Amino acid sequence: MIKYSINSIVHYFIPSFFISDLSLTQNCWLQLLSLPNCDLEHFDVILRQCPSLEWLDLSQNLIDYLPSGSAFACAKKLKLLNLHNNGVHTVKCLLGLSYCPGLIGLTLYNTPIASRKGYRHWLVSFKYPKL
């Protein structure tokens, strides 16, 4: 069996039954990370330990709140963030995204916040015009 260091991999897809194999104890240089349907509740460690991430797919997890601005500030290269089919439900938890200046794509469909009238207009017009 060939083993690879996570630091030498650029794209990493982990099916939910292998999520225990992900170890981010030091900075890694992943650019694409796909973790759908892994029962994740938090992802601040990923943002802090993977400064080169450009695309992060966390769809279909158990995420209710987003990390703080300081966690998003570590992910300066993040361009696409998939959070659809999660439990994100407050506008307040989206404020940390402002620390991610390169963000051009964000998916929040099928989340409780997506059913709130005007959230999308507020998000695009006032906070994140690049989206």
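The side chain of Asn61 reaches the backbone nitrogen of Asp39 at 2.9 Å.

The model is predicted: local features need pLDDT of at least 70, side-chain atom pairs count only at pLDDT 80 or more, and totals for chains, interfaces and linings use all residues. Residues are numbered from 1 along each chain as its sequence is written, and side-chain values use heavy atoms, with hydrogens and water left out.

Asn61 lies in the loop between strand S3 (55-57) and H2. Leaving aside neighbours within four places in sequence, Asn61 is in contact with residues including Leu35, Pro36, Cys38, Asn85 and Asn86; contact means heavy atoms within 4.5 Å.

| Residue | Relative accessible area |
|---|---|
| Asn61 | 6% |
| Cys93 | 9% |
| Cys100 | 4% |

A search of the whole structure finds 0 disulfides, a disulfide being a pair of cysteine sulfur atoms within 2.5 Å.

The structure holds 1 aromatic pair. The ring centres of Phe43 and Phe72 are 6.1 Å apart and the planes stand at 80°, so the pair is edge-to-face. Phe43 sits in the loop between strand S2 (32-34) and helix H1 (44-49), and Phe72 in helix H2 (residues 69-74), so that the pair links parts of the chain 29 residues apart. Rings of Phe, Tyr and Trp (its six-membered ring) pair if their centres lie within 6.5 Å; planes under 30 degrees apart count as stacked, over 60 as edge-to-face and the rest as tilted. Both Phe43 and Phe72 are buried.For the protein as a whole, the secondary structure comes to 3 helices and 5 strands, in the order β-β-α-β-α-β-β-α along the sequence. Helices (H or I, at least four residues) and strands (E, at least two) are DSSP runs, numbered from the N terminus. Of the 131 residues, 40% count as buried. Among contacts between residues at least 6 apart in sequence, 49% join residues at least 24 apart. The protein exposes about 7500 Å², of which carbon and sulfur atoms supply 56%; accessible areas come from the Shrake-Rupley method with a 1.4 Å probe, and for residues only the protein chains shown count as cover.

Note on methods: Buried means under 20% relative accessible area, exposed over 50%, partly exposed in between (1.4 Å probe, protein chains only). A polar contact is a pair of N or O atoms within 3.5 Å; within protein, one must be able to donate a hydrogen and the other to accept it, and residues adjacent in sequence count only if both atoms are side-chain atoms.
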